[in-house]
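Visitor: I'd like to learn how to read surface and ring features in a model like this one. Could you walk me through it?

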Amino acid sequence: MTSTTAVQIPGYVAGTWDIDATHSTVGFSVRHMMVSKVRGYFTEFSGEIVTAEDPAASSVTATIDMDSIDTRQEQRDAHIRSADFFDVGNHTVMTFRSTGVVADGEDWTVQGDLTIKGITKPVTLALELNGFGPDAYGGYRAGFSAKTSISRKAFGVDIDMPMDGGGVVVGDKIDVELEIEAVLRTA
């Protein structure tokens, strides 16, 4: 079942995979009050990964439900859903569509277009292949970790909340962290 690839990846299988949201995480962190970072997650998302015979020809698409944000503080989550930040009433999803996969030694990057609030910008994800292998249910799974940083202001999330004495309540740089487990489609 393992394909022959130009780059040898143990257990690698060409095929179409569905992201298993139950075993995956879409998370982020942002500087708060200039002294710490707040972490949050999106609990509702889906996506498809296509691993090609040549891994560099692979692709990924994903959709994230913006209303599913969870920072462990409901009042903050409600504010982030508001027009001040995500404007969930008008922009219900965030999407990602890859435009390229590039090997860099043992590392990989996934280049793609991220759309938030109707604004699309290119982003590059540093990708770690965690492995491929059979699961306990007769299926086949793959695992990936990915990271990137984006500017929230570049995507129209441009609220400024200055603090007395300088600085801002919410930083511009958002660190995005993904832990993805995917299941190979059988039909």
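Predicted model: local features only at pLDDT ≥ 70, side-chain atom pairs only at ≥ 80, totals over all residues.

Visitor: Where is glutamate 128 found?

Guide: It sits in strand 9, which covers residues 119-134. Glutamate 128 also belongs to a negative surface patch, together with Asp104, Glu106, Asp107 and Glu179.

Visitor: Now the rings. How is a pair of aromatic rings described?

Guide: You give the distance of the centres and the angle of the planes. Here the count comes to six aromatic pairs. Take tryptophan 17 and phenylalanine 132: the centres are 5.8 Å apart and the planes are at 65°, so this pair is edge-to-face.

Visitor: Which parts does the pair of tryptophan 17 and phenylalanine 132 tie together?

Guide: Tryptophan 17 is in strand 1 (residues 15-19) and phenylalanine 132 in strand 9, so the pair links parts 115 residues apart in sequence.

Visitor: Is tryptophan 17 buried or exposed?

Guide: Tryptophan 17 has 0% relative accessibility, so it counts as buried. Phenylalanine 132, at 13%, counts as buried too. Phenylalanine 132 also forms an edge-to-face pair with phenylalanine 144, at 5.9 Å centre to centre and 90° between the planes. Since phenylalanine 144 lies in strand 10 (residues 140-151), that pair ties strand 9 to a part twelve residues apart in sequence. Phenylalanine 144 is buried, with a relative accessible area of 9%.

Visitor: Which residues form the aromatic cluster?

Guide: Tyr12, Trp17, Phe132, Tyr140 and Phe144 make up one cluster.

Key. Residues numbered from 1 in each chain as written. Heavy atoms only, no water. Patch = residues over 30% accessible without salt bridge, like charges linked within 9 Å, V, L, I, M, F, W, Y side chains within 5 Å. Areas by Shrake-Rupley, 256 points an atom, 1.4 Å probe, with all protein chains shown as cover. Salt bridge = Lys/Arg side-chain N within 4 Å of Asp/Glu carboxyl O. Lys, Arg positive; Asp, Glu negative; His and termini not counted. Charge placed at Lys NZ, Arg CZ, Asp CG, Glu CD. Helix = DSSP H or I, 4+ residues; strand = E, 2+ residues; numbered from the N terminus. Phe/Tyr/Trp six-rings, centres within 6.5 Å; stacked < 30°, edge-to-face > 60°. Buried < 20%, exposed > 50% of the residue type's maximum accessible area, 1.4 Å probe, protein only.
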